[in-house]
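Okay, thanks for making time this morning.

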Amino acid sequence: MSEKIKILYVDDEPDNLIGFKASLRLDYQIFTATSVPEAINCLNNEPHIRIIFCDQRMPGKTGVDFFEEIRVSHPLPVRIMLTAYTDIESIIDAINKGHIFRYVQKPWSEADIIWAIDEANKFYMANSMLSIKNDELQKAYNELNKFAYSVSHDIRGPLTGILGAINLAREIDDVEEMKAMLFLMEKSVQKLNTYVLSMHDYYSLQRGELKITHINFNTIIDELKSIYALNSKTNDVAFNVCVKQNEDFLNDEAPIRLIINNLLSNAFKYQNKASRNKSVEVNVEVKNSEATIYVKDTGIGILESHLGDIFNLFFRSNSLEVGSGFGLYNVKSALLKLNGQIEVTSVLHQGTTFKVTIPSI
Amino acid sequence: MNITFSFIIIDDSELDCFVTQKFLERSNKSLTINTFQDAEDALKIIRESRNKKSKRPTIVLLDLLMPGMSGFKFVEEFEKFPAEIQKMYRIIILTVLSSNSHPIDIHRVLNNGTVHSVIEKPLTKEKLISLLDDIEPGQ
């Protein structure tokens, strides 16, 4: 362990405190207090104290009173009672009111104390792991709830649509009408496909570890450029890229690709079809160990009132195009992983610009 | 079938709009059918219908989960309209149902009386016929 375990010892007799500190200070970081207010003050200043030893018999408040009080205000440290006074009443109180972990009898031996510290520390670690795991679980449950809700719309929705279409197909004789419907069915199937693919992205972002490599933004952008070349041509959207990288950049490449790809996909998707001057622009600059990426489009824009929600899971600002509500949420998760930032500015009917900054590791 | 309704279909899925429309057309060639992928657009049309006299009663087939304005929000807004507009419309919810998705919300809109009934997707010929039979005596 790199850092010593922090321990607080409360006793009204300074000699006891000195003795305790003298024999344990090499292996542990010891804090001492001669009264309850002093002890509480110490706990407020040192939030990482793991174990508290306290004498039972003190003027003013007893050890049990002290433990009972901090059980609510400072629940994390493990409480150990230290006393020569062994009547059954105080033991019962210490257990029932103070929820103590151990009871060490005075005069104590160093071995007793060290053993108690070891056990208490294990207990503390297990407890804090549990609380971290609990938080993670709570987050996972919240997202699971959103999933359950979206499954009905994003998976069952297209499926029942296709089922309805199959049902209707029995009645259709006209080939043109059938073709029109097949076209719409294809769109629904694509939507399902996109959904499943983004779900995979979502999963790998939540679970995967960082894989740090040297990143060449020219390579990434060139690849994306060839991917979007067809889209650019068929939809008559000018696609301009500019990369300035004169220094080494280290980070995980997969989330970076995912971020740029998602932003580009949106930039192409949400163009105003009727507009004459459609364009998508990507600018990447790597400077002072930081990459700044701009993705700018001349598309339909985002309502100002929606801007706060666009990074939420399953939020969709617009129903005109096929979308899963995963895209920008995945972008945000990827940035969280890379310790990056995103900003958005948008003017309705004029276009949207996303600015992403990612630090080199 | 002697139907004197017109229809409004509100569904964010293009395919669902198409399928529902075709089913309706097959049941009666002379129906007026308007489809909307955005509930807000439909609401606007209904709001403006106040000025048109001697309109046929209109059945609104409404999806619930939609980006932008949801079906619930649509019903909420619709309930703010004056009674003379409201009585010209019958709202029928046509949606994907699952055991855990918003049963309470559905009960709420049904209890208000604004919504006539709920039909589970996918729409079939049989469901449509029973729906039309069901709604006619009430008018």
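Predicted model: local features only at pLDDT ≥ 70, side-chain atom pairs only at ≥ 80, totals over all residues.

In terms of secondary structure, chain A holds nine helices and twelve strands. If you take contacts in chain A between residues at least 6 apart in sequence, 67% of them join residues at least 24 apart.

Let's look at a sheet in chain A. What's the strand order? It goes β2-β1-β3-β4-β5 (chain A), an open sheet of five strands with parallel pairing. At the edges you'll find β2 (28-33) and β5 (102-105) of chain A, and each has a single partner strand, so one side of each has no neighbour in the sheet. From one strand to the next, the twist averages 25 degrees.

Zoom in on β4 of chain A, residues 78-83: four bridges join this strand to β5(A), and the two run parallel. If you want a landmark there, L82(A) sits opposite V104(A) in β5(A). Then there's helix α3 of chain A, residues 63-73, which lies across β1 (5-10), β3 (51-55) and β4 of chain A. Its direction is at about 150 degrees to β3(A).

Now over to chain B. Here too there's an open sheet made of five strands, in the order β2-β1-β3-β4-β5 (chain B), and the pairing is parallel. The edge strands are β2 (32-36) and β5 (115-120) of chain B; each has a single partner strand, so one side of each is left without a neighbour in the sheet. Ignoring direction, neighbouring strands in this sheet are turned by 20 degrees against each other on average.

Strand β1 of chain B, residues 6-10, runs parallel to β2(B), and five bridges join them. In that pair, I10(B) stands opposite F36(B) in β2(B). Packed on the sheet is helix α6 of chain B, residues 125-135, which touches β3 (58-62), β4 (89-95) and β5 of chain B. The direction of α6(B) makes about 165 degrees with that of β5(B).

Okay, so how do the chains meet? The contact takes 22 residues from chain A and 24 residues from chain B. On the chain A side, the elements giving two or more residues are α5 (110-169) and α6 of chain A. Which one gives the most? That's α5(A), with 13 residues. By class, the side of chain A that touches chain B has eight nonpolar, ten polar and four charged residues.

I want to finish on α6(A), which has 33 residues. From first C-alpha to last, α6(A) reaches 48 Å, close to the 48 Å expected at 1.5 Å a residue. Which of its residues are buried? They're M185(A), S188(A), K191(A), Y195(A), S198(A) and D201(A).

This helix, residues 175-207 of chain A, packs with α1 of chain B, residues 14-27, at an angle of about 145 degrees, and their axes are 9 Å apart. The crossing of α6(A) past α1(B) is left-handed. As for who meets whom, α6(A) brings M181(A), L184(A), M185(A), K187(A) and S188(A), while α1(B) brings E14(B), L15(B) and F18(B). By class, that contact has five nonpolar, one polar and two charged residues.

Key:
Residues numbered from 1 in each chain as written. Chains lettered and ligands numbered in written order. Axes fitted to C-alpha atoms, helices over the stretch in contact; angles between N-to-C directions. Left-handed = near helix turned anticlockwise from the far one by under 90°. Contact = placed C-beta atoms within 7 Å. Nonpolar A, V, L, I, M, F, W, Y, C, P; charged D, E, K, R; others polar. Pairing = 2+ DSSP bridges. Expected span 1.5 Å × (residues − 1). Buried ≥ 20, exposed ≤ 12 C-beta atoms within 10 Å, placed from the backbone.
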